[in-house]
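Got your viewer open and ready? Let's take a walk through this model, one selection at a time.

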Amino acid sequence: MGDPDDSTNENEEYFDEKIKLMIIGETRTGKTSLISRYCKNEFKGGSYISTIGIDFQIKNIELNSKKIRLQIWDTAGQERFRNIAKNYFQSSDGFIIVYDISSSESFERLDYWIEEIKSNSDEFTKMILVGNKCDIQDQRQIKKEEGEEYAKKKNIKFYEVSAKEGTNVNEVFEYLVKDILKSYSPNEKYKKRASKMLTVPIKKGKKKKCC
Ligand code: GTP
Ligand code: MG
């Protein structure tokens, strides 16, 4: 899939910041549903359609008097697609890690996801932990306190949310974007990366003697 930033349209709207976020976690935890709730304020219940490979949504917001273009990458939780998502980790400014409060398996896999972020992204990256589906209390397998304790241990912010009812969804995205902007400007980071690439010394090889 192409990068939406590759556009060369001269009429493109101006943004103070362009921020890339990724949502990750086990399959069926509700990643696509959380993005739909945040970007379109909708929830499609009923039959479940698994994300294939990787997808993205765009949302433009204003925060701290800045015009921000959010590019939100939706990854597939299914194992066979995981390598595709990893290729996008490096360019992401922040990660939303999702588990399902009605699935202890999805909670037990959190160490794996955090390790994946640490080994595939840079030191600037921010993350937030989310326990989704807090509307189905009768099927709960993970107590809220367990989520809180885990997040505290890992030193990351935690929310219980519901994509279905919209509970805390805006709060999650807003917190993560603010957290990113508090520590750096993603635009500056891209410039730094670009300048690093330009200043990589070119190794001079020994000139081959001509016959
Ligand atoms: P993959 O694309 O396979 O990784 O799954 P996903 O994490 O994107 O999950 P998806 O958003 O497709 O949701 C999986 C199932 O959970 C669907 O049947 C959704 O309707 C349901 N679901 C998602 N969020 C919620 C929620 O907040 N509450 C309830 N009750 N169901 C939810
Ligand atoms: Mg999905």
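**A short tour**

Start by coloring by secondary structure: the chain has seven helices and six strands, which are DSSP runs numbered from the N terminus (helices are H or I, at least four residues; strands are E, at least two). This is a predicted model, where local features need pLDDT of at least 70, side-chain atom pairs count only at pLDDT 80 or more, and totals for chains, interfaces and linings use all residues. Residues are numbered from 1 along each chain as its sequence is written, while chains are lettered from A and ligands numbered from 1 in the order in which they are written.

Next, select the strands. They form an open sheet of six with mixed pairing, in the order S2-S3-S1-S4-S5-S6; two strands pair if DSSP finds at least two bridges between them. At the edges sit S2 (54-63) and S6 (157-160), each pairing on one side only.

Now zoom in on S5 (residues 126-132), which pairs with S6 in the parallel sense over four bridges. Click Gly-131 and look across to Glu-160, its bridge partner in S6.

Then show helix H5 (residues 144-154), which packs on the sheet and touches S5 and S6. Touching here goes by contacts, meaning C-beta atoms, placed from the backbone, within 7 Å.

Last stop: ligand 1. Of the 21 residues around it, Gly-30, Thr-32, Ser-33, Thr-51 and Gly-77 come nearest, where being near means a C-beta atom, placed from the backbone, within 6 Å. Which helix gives the most to this shell? Select H1 (residues 31-40): it supplies three residues.

How values were computed. Contact = placed C-beta atoms within 7 Å. Axes fitted to C-alpha atoms, helices over the stretch in contact; angles between N-to-C directions.
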